[in-house]
Amino acid sequence: MRNPDFKAVVIEASAGTGKTSRITREFFSILDKDNPAAMMRKILAVTFSEKAAIEMKMRILERIYADIYPVLSGSVKIDTENAMLKLRISTIHSFCHTLLKRFALYTGMDPFFTVIDERQSDLLYYRAFYNFLNSSASINMMPVLKNFKLNSLKDLLFAIRRSHPYTTAGIPEGSLSKTISEISLHISEIHSRMKKDLSMLDFNDLEILTYRLLTEYPESLTILEDFDEKNNYIFVDEFQDTNILQWKIVHKLAEEWLSGYGAKAEKGESYGLFLVGDRKQSIYKFRGAEGSVFDDARGVLRDYFLEEKLLRNYRSQQEILDFVNNIFLDTQPWTDQQLSTGQIEKSPCFIEINLLSGDENPEAKNAEYEWVLGRIMELIKKKESVRDKETGELRPIEFRDIAILMRKRVGNNFLLLEKKLKESGIPFVILGGIGFYNEQEIIFLLSLVFALADPTDKISLWNLHNSVYKISNEQVYGWRQMLSVEELTIVIESILEELNFWDRLSTQQKANTEKFLLLLQELEDLPLYQVSRSLRTMALSYEEPKADIFSEHQNAVRILTVHNAKGLEFPAVFLINIEDGRVMLKDKILYRKIMDAEIPYRFVLKKEADEEFKRFFKGMLEEEEERVLYVALTRAQQYLFISGVKNKRGSESSLWIKRLLRFETAFPPASVSSYTEVFTEEETKKEEKVEFLKEKKFPVLTSYTREKEQDYYRYERTIVGEIVHKILHEISEGKTRLEREAYENRMRFYLGKTNLVDTQETENFLMKIYENIVKNPEIKEIVENLPKGEAFSELPFIVEVEKGEIYTGSIDRIILKGEQDCHIYDYKLEGNEPERYRQQMEIYEKAVRKAFPDRPAIKKFIIFLRTSKVLSV
């Protein structure tokens, strides 16, 4: 039965087409201009992120204040003010939180539960995992568990956990997948009990429990009737980022409306559902998002819905829009959704593509970044024009107008970019930059907490004593006494005040320190030893982002991933490292959607997946990779620069390079002068970061690996070296055998964890290394397992060479000979010149003399694995 008072609208809003403005107009049109408060209270709007919710609320309030509020008076005006303060515009999780709190008594939950983030939930999951290993359930599954190494089992379980729970709630395919799923369920039950005991819910719990509240309880119908009575409209923004379970929640809330019956239909009230998004920007599959929810929504709303497509772009110049249209011309839904420019002023615009050849050119990545930085400098020096967002007038470009986007922010390439930016003098800020726990101020704070928790922690005490503050064991002991009367966070803050710690910090370091103190506050209910253990786990297991210090007023180039850039726009965009726009089937858990099923997913471990399943899953990832490229390109308003390194193998696998290669000649790169020109202080206004760990402040802790320093940007060679070292370490420790089959198994295991595209050539190289080891009896004897106490593998060290110059690292191999001799060995893949590594080996020797003072006769050797030689230094 179709009800004329029910309105359902599905709006596909392409990039830059004024999505929020369209929502605001629709919201505004519903209101009674003489008494807006009544309907304002009956509208629920949900979106994907806090940022989007705030923007939507701000736009709607601005419109109400401008067009309605001035003409109101008396009690209507006061009522409207109250309604504006209580506008229900929030994230889906915030809505679920409110609903669960309100009806907590129906579900037996503590109504005062707290919501924990992913990091906190993971810490509890770690505890649940180890509780499971000590439970009777694990004893019953021991025949299966004994076939796994602990870390391998943990990796598989966390792969299931990292997937949205709805994708792994279906039927697993494959016997091993079923077993791992059963183990995962046991651990999840322990995890849930822990959270319940602590009155905690994570974001996944909010979705699952809300859906259950609406469907499984005797009171579910009462709750839905209550919702129906209090709400007339539901708006869903960023619909493409919605997962299946979130859509099921929205659908359930509107179910009676769709039936054509109910109180609203009988009263003749207007009511409706508005879904707004862009499936071409659905890039959060790793969070369970499904762009296909648009199709599901169309199926559900087929008798009611009106469809709109917003294609007039108010962000980018027509040249950029034409470029984007042509890139995706042969692909749906882009073919039917070509962008055109809206009513925006004509501004200067150009596009450049610089794809360097990486074949036999190890300097290619270096050259790419020099070109990027050179073009940034030329934009500034030439004062290229950009259109000011506030005034609408043209003005000279500034650093804040420029963004460097990348597909991912990990590995040596990112470190190289950061290094070159620092050398160039260009002011920059990394939005969401990783490496929080590696920052020097955080290492100091961690050492402080660890020493307070365990005064026998020699490494932490050593760090504190060798800092600029020269903290003694007696000071640590005194601070520990404070913990008997004060909370840990208060004690740490008191210590920092006592040390005048804040006076030494840059803006970024202050923000990082404040973030660390907030983390401590989150853990303050735990005993000190658990706080220390939790921090160690987080420091080792999480790529925690640095504190975000960016301000719109900060004149600096912004560096961020494409995912972080979604929803943003920049006058000039540099899209770099486009070879990273490829799909590697690295996921341990694969899943696929099954139409018309109650739980619409099937999943399987990758090792058990057949080729058809792998092709299907890879196809989904490739479709998303296309969408990530679209999001990246549509961030640019006037200037778009694209760069990367192509080679014979990588170009075949990089979807982005495949898309862009045919436009290379049409948009050639401009040549640039050297990027090493230094800007004046007035131009950069750059704030110096305080180096904690330097002479006269903190000694430098340097990881000494000359080979990696010289080979900074050659990812493949670095990975090969790491794999060789790991396998040789396992052989020396007796964890695997120096036999071809065992070596091959470990080699393929480690290769499976890399981003390497074509591993056959790498496998051949690694097997050549194996043959060189076994054919040389001397190398074979050095590598093989020796009695405990006579040899050491990957021995960690920390040694002060000169005042303020401290090195840390690990020595590949140490073998004790006779009563006084000690031989030090370092593995190198290539080369034939041991003297080249004299400085490195002298540092090792100093560390060994400190560790083995009774071994005066020390000899140093380099093992060149490719030439099968052992040469003395």
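**A charged loop and the aromatic pairs**

Analyst: E486 is placed in the loop that joins α23 (473–482) to α24 (488–498) (helices are DSSP runs of H or I with at least four residues, strands runs of E with at least two, numbered from the N terminus). The model is predicted, so local features need pLDDT of at least 70 and side-chain atom pairs count only at pLDDT 80 or more, while totals for chains, interfaces and linings use all residues. Residues are numbered from 1 along each chain as its sequence is written, and side-chain values use heavy atoms, with hydrogens and water left out.

E486 has a relative accessibility of 37%, and therefore counts as partly exposed (buried is under 20% relative accessible area, exposed over 50%, partly exposed in between, with a 1.4 Å probe and protein chains only). Together with E487, E524 and D525, E486 forms a negative surface patch (patch residues have over 30% relative accessible area and no salt bridge; like charges are joined within 9 Å, and nonpolar side chains, namely Val, Leu, Ile, Met, Phe, Trp and Tyr, within 5 Å). A salt bridge is a side-chain nitrogen of Lys or Arg within 4 Å of a carboxyl oxygen of Asp or Glu.

Attention now turns to the aromatic rings. The whole structure contains 34 aromatic pairs (rings of Phe, Tyr and Trp, the last by its six-membered ring, pair if their centres lie within 6.5 Å; planes under 30 degrees apart are stacked, over 60 edge-to-face, the rest tilted). One of them joins F444 and Y469: the ring centres are 5.4 Å apart and the planes stand at 55 degrees, so this pair is tilted. F444 belongs to helix α21 (residues 440–453), whereas Y469 sits in the loop between α22 (458–465) and α23, so the pair links distant parts of the chain, 25 residues apart. F444 is buried, with a relative accessible area of 1%, and Y469, at 13%, also counts as buried.

A further tilted pair is that of Y743 and Y770, with centres 5.0 Å apart and planes at 45 degrees. Y743 lies in helix α34 (residues 740–751) and Y770 in helix α35 (residues 760–775), so the pair ties together parts 27 residues apart in sequence. Y743 is buried at 2% relative accessibility, and Y770 is buried at 8%. Elsewhere, ring pairs link F6, F95, F227, W257 and Y271 into a cluster.

Conventions: Accessible areas come from the Shrake-Rupley method with a 1.4 Å probe; for residues, only the protein chains shown count as cover. Lys and Arg count as positive and Asp and Glu as negative; His and the chain ends are not counted. The place of a charge is taken as NZ of Lys, CZ of Arg, CG of Asp or CD of Glu.
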